[in-house]
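Have a look at it, then read on.

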Amino acid sequence: MIRAVDVRSALAELPALEGRSATTPADQVKAASAVLAPFRDGCVFAGRFSGETAWERHARGDELVQVLDGAATLTIMTAEGPQSLPLSAGMLVVVPRGHWHRFEAPGGVTVLSATPQPTEHSTSADPRGA
């Protein structure tokens, strides 16, 4: 069934996850995010948090990420090493398939993403060697 999603309403119901870290339990992360719609091999998600995420990567496809509110630094591991991208409201980025990446948002961020599944996570300082 085709349906329109009211992103603002979905976000209004979400609590912000304050002080997120790479070791925040998955149930707490899930409580601060919403699945808005199925999309290809994954879903469109929205979430809000402050702090930092664990490293993650998606073996089945690129991930589209848009910052809706706030700001974050997205670090993507490339062949040359980490590349950090400062992102603010209205900006988007495509994370290439299979690249480890993570967010740092000390002041808080609200993101919308089209994320392929499954997602692999790592809490290593450099996940490429883990």
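Let's start on the outside. Leu 92 sits in strand β7; strands here are DSSP runs of E with at least two residues, and helices are runs of H or I with at least four, numbered from the N terminus. Leu 92 counts as exposed because its relative accessibility is 52%. For that label, exposed means over 50% relative accessible area, buried means under 20%, and partly exposed is in between, with a 1.4 Å probe and protein chains only.

This is a predicted model, so local features need pLDDT of at least 70 and side-chain atom pairs count only at pLDDT 80 or more, while totals for chains, interfaces and linings use all residues. Residues are numbered from 1 along each chain as its sequence is written, and side-chain values use heavy atoms, leaving out hydrogens and water.

What does Leu 87 touch, leaving aside residues up to four places away in sequence? Its partners are Val 67, Gly 70, Ala 71, Ala 72, Leu 74, Val 93 and Phe 103, where contact means heavy atoms within 4.5 Å.

There is 1 aromatic pair in the structure. The ring centres of Phe 49 and Phe 103 are 6.3 Å apart and the planes meet at 70°, so this pair is edge-to-face. To pair, rings of Phe, Tyr and Trp (its six-membered ring) need centres within 6.5 Å; planes under 30 degrees apart are stacked, over 60 edge-to-face, and the rest tilted. Phe 49 is in strand β3 (residues 42–52) and Phe 103 in strand β8, so the pair ties together parts 54 residues apart in sequence. Both Phe 49 and Phe 103 are buried.

Most residues other than glycine have a negative phi, and most peptide bonds are trans.

| Site | Backbone angle | Location |
|---|---|---|
| Arg 40 | phi about 45° | loop between β2 (33–39) and β3 |
| Gln 117 and Pro 118 (cis bond) | omega about 5° | Pro 118 in the loop between β8 and β9 (119–122) |

Arg 40 also counts as exposed, because its relative accessibility is 78%.
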